[in-house]
Amino acid sequence: MVNVLVLIIFCLSFAILAWRKTLWGLAIILFLLPIYLIRFHLGFIPMTLLEAIILILFAIWLIKSKFQVISYEFREKFRGWILPIAIFFLAATIAVFVSPDKVAALGIWKAYFVEPILFLIVLVGTVKKEEDLKILLWALGGSAIYLGALAIYQKFTGYLIPNADWFAPETRRVTGVYGYPNAVGLYLAPLAVLYFGLLIQKLKNPLPFGHPLFQRGKGRDLNSTPDRKELRGGLIEIIFYLAVIILSLLGIIFAVSEGAMVGVMAGIIFLALVFKKTRYSTVVLIILAVVVLQFQPVVKNLIREKATLSDVSGKIRLEMWGETWQMLKDHPLTGAGLAGYQTVVAPYHKAKHIEIYLYPHNVILNFWSELGILGLIGFLWIIIKFFWQGLIKIYKNVETRLVAALLLAMMVTILIHGLVDVPYFKNDLAILFWFIVGGLICLNNFDRIRN
């Protein structure tokens with residue numbers, strides 16, 4: 001009874017704040033993404049607390065906006081995006097009927113597709129300027145701070161680590177609030193890259209995000225002079241950015257999430273390559289690193305082992321992918337359906353020394369097996385469109401260049417990590433994915449307003 005009362009009070013408090021300002025509702029959701037771990041039933045329908053507040057926020061936004069979602073003006077905000085998103089969502093809906101477990105499939109459809117897209121709609125309908133986006137970025141950074149802090153505490157105490165092998169001091173891998181270590185890396189890696197980019201920009205120009213001199217370009221007041229208060233605000237931001245980066249990286253390291261480490265490196269390299277001032281020096285550093293590694297046989301062999309998937313973890317993935325490929329050759333159009341992978345791949349499972357995982361741990365195979373070929377096409381369309389529009393902004397639009405580069409770097413991190421893991425099929429990761437896509441859509445709308 002007490003738990004029910006606490007849930008009701010929390011949801012009512014959230015509703016009041018979201019009604020006063022929808023942007024606050026978005027920020028709270030991003031700050032509290034891990035609360036999907038708090039589960040309950042609404043009648044016979046299983047729910048998470050994250051799902052509940054997303055539905056509350058959408059209902060409030062719908063009422064406050066007077067159902068603008070059906071208006072032509074609102075559809076224009078999604079110009080060019082409606083069709084790929086619709087195909088992606090249609091594939092997810094079809095995958096429910098394909099699934100051998102339709103009850104579980106409905107739950108995944110609701111949590112990983114319906115509600116994240118509702119979040120996307122509210123995001124695009126609410127964020128109208130760079131300052132709004134800044135608030136949401138700070139909310140994400142806040143979540144990285146408390147998750148990273150918990151990971152550090154776990155490293156030295158073993159607190160809440162559920163597995164004996166992960167708990168043992170000599171093989172300890174932190175899990176944060178999650179049930180397994182890789183979840184820590186999947187969440188923190190893109191945030192570490194995001195804040196690394198913000199920090200570099202801030203060190204070049206130590207002013208608060210959104211100040212007229214923060215980015216020099218068309219329409220900026222280049223004659224305004226920052227005062228002491230503004231410089232102090234910039235210093236606070238630098239401290240915050242450093243805290244997010246350090247805690248996120250320590251969380252990833254203590255989780256021993258190798259895929260996340262590689263993803264962070266890829267995201268940072270991408271950021272360095274897209275800007276002309278750092279492109280050539282980055283290429284030189286990469287070449288020097290490759291040359292130096294030739295004289296470090298231990299490190300060289302370790303990298304070769306990881307890159308060729310010759311270690312234990314890599315061999316497990318190769319076996320998993322082989323079984324998945326055999327299954328997909330027999331079910332190329334439909335895949336296994338939502339929540340159907342473990343059941344459908346079972347007849348193809350020959351490596352009896354390993355379990356059948358929930359997903360095949362590869363971003364392409366994940367979407368193909370869960371959503372079928374139509375879902376994979378929808379996902380690839382979204383990704384290609386995302387990078388196409390983002391790169392255009394980076395090279396042609398001074399106003400939104402930095403934020404576009406940061407969003408693309410986050411997506412690079414997710415996709416690189418996704419080569420060996422599951423970067424979407426989890427409540428918080430699905431929201432994070434659509435936040436990144438939605439952020440770019442918001443940048444499109446900022447540019448449209450300016451022009």
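This tour moves through the structure stop by stop, naming what to select and what is found there. The model is a predicted one, and residues are numbered from 1 along each chain.

**Stop 1: the hairpin**

Begin by selecting residues 39-42, which are strand S1, together with residues 45-48, which are strand S2. The two strands run antiparallel and are joined by 4 bridges. Display Arg39 and look across to S2, where Thr48 stands opposite. S1 and S2 form a hairpin, with 2 residues between the strands. Select Gly43 in the turn: the phi angle of this residue is positive, at about 70°.

**Stop 2: charges over rings**

Lys64 lies over the face of Trp19, at 5.9 Å from the ring centre. For a second example, select Phe167 and Arg172. Here Arg172 lies over the face of Phe167, at 5.0 Å from the ring centre.

**Stop 3: a loop between two helices**

Colour helix H5 (82-98) and helix H6 (102-126), and then pick out Pro100 in the loop between them. Is Pro100 buried, exposed or partly exposed? Pro100 counts as partly exposed because its relative accessibility is 46%, which falls between the limits of 20% and 50%. Draw a distance from the C-alpha atom of Pro100 to that of Ala59: the two atoms are separated by 32 Å, and the residues are 41 apart along the chain.

**Stop 4: salt bridges**

Side chains of opposite charge can pair when their charged atoms come close. The structure holds 6 salt bridges. Select Glu76 and Arg79, one of these pairs, whose closest N and O atoms are 2.5 Å apart. Arg79 is partly exposed, at 46% relative accessibility.

Because Lys202 lies in helix H9 and Glu237 in helix H10, the pair ties together parts that are 35 residues apart in sequence. Lys202 is buried, as is Glu237. With the three side chains displayed at once, the shared partners can be followed: salt bridges join Lys134, Lys202 and Glu237 into one network.

**Stop 5: aromatic pairs**

A search of the whole structure finds 28 aromatic pairs. For one of them, select Tyr195 and Phe240, whose ring centres are 5.8 Å apart. How are the two rings arranged? The angle between their planes is 70°; because an angle over 60 degrees counts as edge-to-face, the pair is assigned to that class. Tyr195 is in helix H9 (residues 182-204) and Phe240 in helix H10 (residues 228-255), so the pair links distant parts of the chain, 45 residues apart. Both residues are buried: Tyr195 has a relative accessible area of 0%, and Phe240 has one of 15%.

Then widen the selection to Phe88, Tyr112, Phe113, Tyr359, Phe367, Phe379, Tyr424, Phe425, Phe433 and Trp434. Together these residues form one aromatic cluster.

**Stop 6: a nonpolar surface patch**

Switch to a surface display and select Met265, Ile269, Leu273, Val283, Ile286, Ile287, Val290, Val291 and Phe295. They make a nonpolar surface patch of about 770 Å². Helix H11 (258-274) and helix H12 (276-293) are the elements that give two or more residues to this patch. Which element gives the most? H12 does, with 5 residues. Within H12, select Ile287; this residue counts as partly exposed, at 49% relative accessibility.

**Stop 7: along helix H12**

Finish at Lys276, which is also found in helix H12. Lys276 counts as exposed because its relative accessibility is 61%, and the limit for exposed is over 50%.

Conventions:
Predicted model: local features only at pLDDT ≥ 70, side-chain atom pairs only at ≥ 80, totals over all residues. Heavy atoms only, no water. Phe/Tyr/Trp six-rings, centres within 6.5 Å; stacked < 30°, edge-to-face > 60°. Buried < 20%, exposed > 50% of the residue type's maximum accessible area, 1.4 Å probe, protein only. Lys NZ or Arg CZ within 6 Å of the ring centre and 35° of its normal. Patch = residues over 30% accessible without salt bridge, like charges linked within 9 Å, V, L, I, M, F, W, Y side chains within 5 Å. Areas by Shrake-Rupley, 256 points an atom, 1.4 Å probe, with all protein chains shown as cover. Salt bridge = Lys/Arg side-chain N within 4 Å of Asp/Glu carboxyl O. Pairing = 2+ DSSP bridges.
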